[in-house]
Amino acid sequence: MKKYITDEKNGLDYTLINGVYLPNLISNETNYEIGIWGMRYYDYIKEHHPSFCTSLRVQCKLLY
(Lines give C-alpha, C1' and ligand atoms only; values in the text may rest on other atoms or scores of the structure.)
Protein backbone atom coordinates (compact mmCIF):
# COMPACT_ATOMS: atom_id res chain seq x y z
CA MET A 1 0.00 0.00 0.00
CA LYS A 2 1.20 3.50 -0.76
CA LYS A 3 2.14 5.77 2.15
CA TYR A 4 0.53 8.87 0.57
CA ILE A 5 -2.36 9.14 -1.88
CA THR A 6 -4.36 12.03 -3.38
CA ASP A 7 -8.08 11.86 -4.11
CA GLU A 8 -8.65 13.41 -7.52
CA LYS A 9 -12.34 14.12 -6.81
CA ASN A 10 -11.84 16.43 -3.84
CA GLY A 11 -8.10 17.16 -4.05
CA LEU A 12 -7.36 15.96 -0.51
CA ASP A 13 -4.13 14.18 0.38
CA TYR A 14 -4.21 11.10 2.62
CA THR A 15 -1.52 9.40 4.70
CA LEU A 16 -1.49 5.70 5.57
CA ILE A 17 -1.44 5.24 9.36
CA ASN A 18 -1.94 1.78 10.90
CA GLY A 19 -3.58 0.43 7.75
CA VAL A 20 -6.07 3.32 7.44
CA TYR A 21 -5.82 6.34 5.16
CA LEU A 22 -6.35 9.53 7.16
CA PRO A 23 -6.76 12.95 5.51
CA ASN A 24 -4.03 15.55 5.90
CA LEU A 25 -6.06 18.33 7.48
CA ILE A 26 -3.24 20.81 8.10
CA SER A 27 -2.01 22.59 5.03
CA ASN A 28 1.54 23.86 4.89
CA GLU A 29 0.62 26.16 2.01
CA THR A 30 -1.34 28.66 4.11
CA ASN A 31 0.77 31.78 4.00
CA TYR A 32 -1.22 34.92 4.68
CA GLU A 33 -1.09 38.17 6.64
CA ILE A 34 -2.44 37.91 10.17
CA GLY A 35 -3.28 41.59 10.57
CA ILE A 36 -3.21 43.88 13.58
CA TRP A 37 -5.24 41.62 15.90
CA GLY A 38 -3.09 38.62 15.11
CA MET A 39 0.03 40.64 15.93
CA ARG A 40 -1.52 41.83 19.18
CA TYR A 41 -2.40 38.25 20.15
CA TYR A 42 1.13 37.16 19.29
CA ASP A 43 2.55 39.89 21.52
CA TYR A 44 0.20 38.81 24.32
CA ILE A 45 1.15 35.12 24.24
CA LYS A 46 4.82 36.00 23.85
CA GLU A 47 4.70 38.14 27.00
CA HIS A 48 2.25 36.21 29.20
CA HIS A 49 2.61 32.60 27.98
CA PRO A 50 6.18 32.15 26.68
CA SER A 51 6.13 28.35 26.98
CA PHE A 52 2.98 28.15 24.82
CA CYS A 53 4.61 30.47 22.28
CA THR A 54 7.72 28.26 22.20
CA SER A 55 5.55 25.16 21.82
CA LEU A 56 3.85 26.68 18.75
CA ARG A 57 7.22 27.54 17.24
CA VAL A 58 8.56 24.00 17.77
CA GLN A 59 5.46 22.54 16.08
CA CYS A 60 5.94 24.97 13.13
CA LYS A 61 2.52 26.48 13.79
CA LEU A 62 4.04 29.89 14.53
CA LEU A 63 6.74 31.28 12.30
CA TYR A 64 7.68 34.44 14.19
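Helices (H or I, at least four residues) and strands (E, at least two) are DSSP runs, numbered from the N terminus. Colour the chain by these elements: along the sequence, the pattern reads β-β-β-α-α, with 2 helices and 3 strands in the chain.

Two remarks on the source are needed before continuing. This is a predicted model, in which local features need pLDDT of at least 70 and side-chain atom pairs count only at pLDDT 80 or more, while totals for chains, interfaces and linings use all residues. Residues are numbered from 1 along each chain as its sequence is written, and side-chain values use heavy atoms, with hydrogens and water left out.

**The whole chain**

Display the surface. The chain exposes about 5,900 Å², and carbon and sulfur atoms supply 56% of that area; accessible areas come from the Shrake-Rupley method with a 1.4 Å probe, and for residues only the protein chains shown count as cover. Of the 64 residues, 12% count as buried. Buried means under 20% relative accessible area, exposed over 50%, and partly exposed in between (1.4 Å probe, protein chains only).

Select Y42, I45, C53, L56 and L62, which form the largest nonpolar core. Such a core is a set of buried Ala, Val, Leu, Ile, Met, Phe, Trp, Tyr and Cys residues joined through side-chain atoms within 4.5 Å. Helices α1 (35-48) and α2 (50-58) each supply at least two residues of this core. In soluble globular proteins, nonpolar side chains tend to be buried together.

Now centre on C53. Leaving aside residues up to four places away in sequence, C53 touches Y42, I45, K46 and L62; a contact means heavy atoms within 4.5 Å.

**Strand β2**

Next, select residues 13-17, which make up strand β2. Apart from residues up to four places away in sequence, T15 touches K3, Y4, V20, Y21, L22 and N24.

Move to I17, also in strand β2. I17 counts as partly exposed because its relative accessible area is 40%. The C-alpha atoms of I17 and Y4 are separated by 9.7 Å, and the two residues are 13 residues apart along the chain.
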